[in-house]
There are 2 protein chains.
Amino acid sequence: MSQVISRRELIELGLAGVAAATATSVSASPARASDGAVGFAVVGLGKLSLGQILPAFRTCRNARLAALVSGHRDKALRLAAEHNLSEGAVYSYEEFDRIAHNPEIEAVYIVLPNFMHAEYSVRAFKAGKHVLCEKPMATSVADAEKMIAAARAAERKLMIAYRCHYEPHNLEAMRRVRSGRYGRPRLVVTDMVRQSDPSDPSDAWRLDMAKSGGGALADMGIYGINGARYLVGEEPVEVRAWANTNRSDPRFRTVEDLVAWQFRFPSGAIANGSTSFATGGAMKWDMFCANARLRGDPGCYYSGNRLEIFSHPDQGEVKLPDIDQFAREMDWMADVVRGRAPLVSPGEEGLQDMRLIKAILDSVARGGPAVRTDWGYKRAYDPAAVVPVV
Amino acid sequence: MSQVISRRELIELGLAGVAAATATSVSASPARASDGAVGFAVVGLGKLSLGQILPAFRTCRNARLAALVSGHRDKALRLAAEHNLSEGAVYSYEEFDRIAHNPEIEAVYIVLPNFMHAEYSVRAFKAGKHVLCEKPMATSVADAEKMIAAARAAERKLMIAYRCHYEPHNLEAMRRVRSGRYGRPRLVVTDMVRQSDPSDPSDAWRLDMAKSGGGALADMGIYGINGARYLVGEEPVEVRAWANTNRSDPRFRTVEDLVAWQFRFPSGAIANGSTSFATGGAMKWDMFCANARLRGDPGCYYSGNRLEIFSHPDQGEVKLPDIDQFAREMDWMADVVRGRAPLVSPGEEGLQDMRLIKAILDSVARGGPAVRTDWGYKRAYDPAAVVPVV
């Protein structure tokens, strides 16, 4: 039996708080604002920008493309023309700091290789701009902390681009788990794997430890690390991991390939997770509560995600719209900038994953022992803090 | 795109050896043999016997019901009448050894609570009968070894009832992985969980450590332990596990509830597994090879199992018949008794799982450290040793 969720049904499900949040959120269904839209500079014109982010602006409601920053001026000029931007809206990396003088740019979206996130975020804050930064937010805990400090010093917003925090199927899963409808969260299983291709420039740097901060773990695994946290609604207190990496494969000279980890949560819930850059692909999770299984398979794709509930009386697929996740994320950031929405994926949320990636790699490097991770990070996991589904 | 596999296609897939095995196996599609069928005594008339095993005899080709052994004479007599057995074919547990004098009984199928498996297997061997024993084969490694020794001393066959070793979807997955078509096995994920009900007599003993030998781990988890092994096609060299058990729940006074484990295989492949008696239900596995994901979800049910391949060019569901797994298993045992089929799930296979369950529980008891499991058990995992799919 398929299910489509209305606000009324949320109330019937005992999710009155969620329904209220949906009702009161200005951003749940904001009017299109061509004036007043927040102008973004997109920094880095690789595969993700070209394939997803630039096209997404066409469906944004509150965010608009204001500038492009690239090392390839010809490409940038061509794209600027396609998106009705003037030549003056194109910046090289050397000219980046000059965005300070462009009032059309209120926020920058950092879509660079991971090792450049910190530098360009800090420079953006110095230029007085807000920052939306791709995940992982940096390649080290220290850099992540530097970014958070820079945002604070500049009194600007730092949002990490966790797509799934704004994606209907994942949001609905969070919301249902948080409602208590299915009983206590017990076990979450996440597997985020794919084949990498070093001949693809967007993979070449991901296979370099210094540039990526963790290979598959930083690229794919982070969805499972973050997903386990937002599905269970707690922070791990203990982490351990085993790896299997073929060092004679030229892709894995500096990064681990297959990493399989376990988290222990304060309630006793456990996560089994995995990532790899050298297996058949999947981005999927399973959440086992006392009285239900929730399956997201696929769970974290750009589109085509599914949410299935195995339980009584909710047996079946929950039909939800397949939205443009990048558009929604940028619209949310725009609302954050305008003070109309809470910052649900701030720098601190990204820092937590950076620290967990480090803990996993530390465990791997030491042969797998458990590493304590109860350093006190607490996210607000109450239902009201969950972004509305649509 | 759905797929149905013929012998011809197996050859085209490069699985000529498999196709040959299919072609040469007498048992792949044996003629119905009403004479010459092997007579079974079913020992224990609980839920599994009543719901699955007795009905399965109606579709068996080489196995027939010859006797019933039960502590409830009235129930046994009623069932005997339903299955056209005489009163003389009904035995109490006290009378069990008298089966020695009944030539109609060539094999016994032990469907008792786990702690009774060893005693009744040994007594059956002493009575000169072959034994098909439900999994887990015993509640301790020592008992399992005793059963194997008794079979050897009696020169009789001991087969453990691993349904999935005879189930088309699991067999086809093994066969495809073993063929090398999808590259090296890297990661297997198994989750075998359900809610237990202590008011159900068939669950009451499963919640007693002495009677079950391991709670959920012995009942559900064993499918994932065994599944990881037959999917990867190797034996674990290292095992570790964390548990989460609510000791104030009356179900979990003596057994663990949620157990989440990791295996390391000699090739470097890793398994993440879990089991629980107190979450929403699932019996599913995911096998990640270098170039494909194989999904069995559900993977180990009595019926309705699925096999999906995520790969090029095999993308899609593999359509296979939904056979009576118990009938096939008993027919296979009959063929083993007649010397027409190899014993693919012998006592040694059951012993390996007993030792792995012990290793997992040892790791749990000690707080999760890795336990070496490279004690030298080697199963024949070559494609020719895989049972034909149908």
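User: Two strands pair if DSSP finds at least two bridges between them. Which residue of β12(A) is the bridge partner of A:Trp285?

Analyst: The model is a predicted one. In chain A, strands β11 and β12 are joined by 5 bridges and run antiparallel. A hairpin of 2 residues links β11(A) to β12(A). Within this pairing, A:Trp285 has as its bridge partner in β12(A) the residue A:Gly296.

User: How many of the residues of β11(A) are buried?

Analyst: A residue counts as buried if 20 or more other C-beta atoms lie within 10 Å of its own. β11(A) is largely enclosed by the rest of the structure, because the buried residues of this strand number 12 of the 12.

User: Which residue of β11(A) stands opposite A:Asp191?

Analyst: Strand β11(A) is also joined to β7(A), through 9 bridges, and these two strands run antiparallel. Across from A:Asp191, the residue in β11(A) is A:Lys284.

User: Which strands are the edge strands in chain A?

Analyst: The open sheet of chain A has 9 strands with mixed pairing, in the order β14-β13-β12-β11-β7-β10-β9-β8-β15. An edge strand pairs on one side only, and in chain A this applies to β14 (316-317) and β15 (371-372).

User: What angle does the direction of helix α12 of chain A make with that of β8(A)?

Analyst: Two helices of chain A may be described here. Helix α7 (residues 168-179) packs on the sheet of chain A, touching β7, β11 and β12, and its direction makes about 165° with that of β12(A). Helix α12 (residues 347-365) also packs on the sheet, where it touches β8, β9 and β15 of chain A. Its direction and that of β8(A) make an angle of about 55°.

User: Which residue of β16(B) does B:Glu238 stand opposite?

Analyst: In chain B, β9 is mostly covered, with 6 of its 7 residues buried. It is joined to β10(B) by 7 bridges in an antiparallel arrangement, and there B:Trp242 has B:Ala260 as its bridge partner. A further 2 bridges join β9(B) to β16(B) (residues 371-372), again antiparallel. In this pairing, B:Glu238 faces B:Arg372.

User: Which element gives the largest share of the side of chain B that touches chain A?

Analyst: The contact draws 34 residues from chain B and 34 residues from chain A. Elements of chain B that give two or more residues to this side are β8, β9, β10, β11, β12 and β13. By class, the side of chain B has 17 nonpolar, 12 polar and 5 charged residues. The largest share, 8 residues, comes from β12(B).

User: Why do the copies meet through the same surface?

Analyst: Interface residues of chain B can be looked up in chain A. The copies meet through the same surface because the part of the interface residues of chain B that are also interface residues in chain A is 100%.

User: Which residue of chain B comes closest to the rotation axis?

Analyst: Chain B is superposed on chain A by a rotation of 180° with 0.0 Å of shift along its axis, at an RMSD of 0.0 Å. The two copies are therefore related as by a two-fold rotation axis. At a C-alpha distance of 3.2 Å, the residue of chain B that comes closest to the axis is B:Asn272.

Definitions and conventions. Residues numbered from 1 in each chain as written. Chains lettered and ligands numbered in written order. Predicted model: local features only at pLDDT ≥ 70, side-chain atom pairs only at ≥ 80, totals over all residues. Contact = placed C-beta atoms within 7 Å. Helix = DSSP H or I, 4+ residues; strand = E, 2+ residues; numbered from the N terminus. Nonpolar A, V, L, I, M, F, W, Y, C, P; charged D, E, K, R; others polar. Least-squares fit on C-alpha atoms with pLDDT ≥ 70 in both. Axes fitted to C-alpha atoms, helices over the stretch in contact; angles between N-to-C directions.
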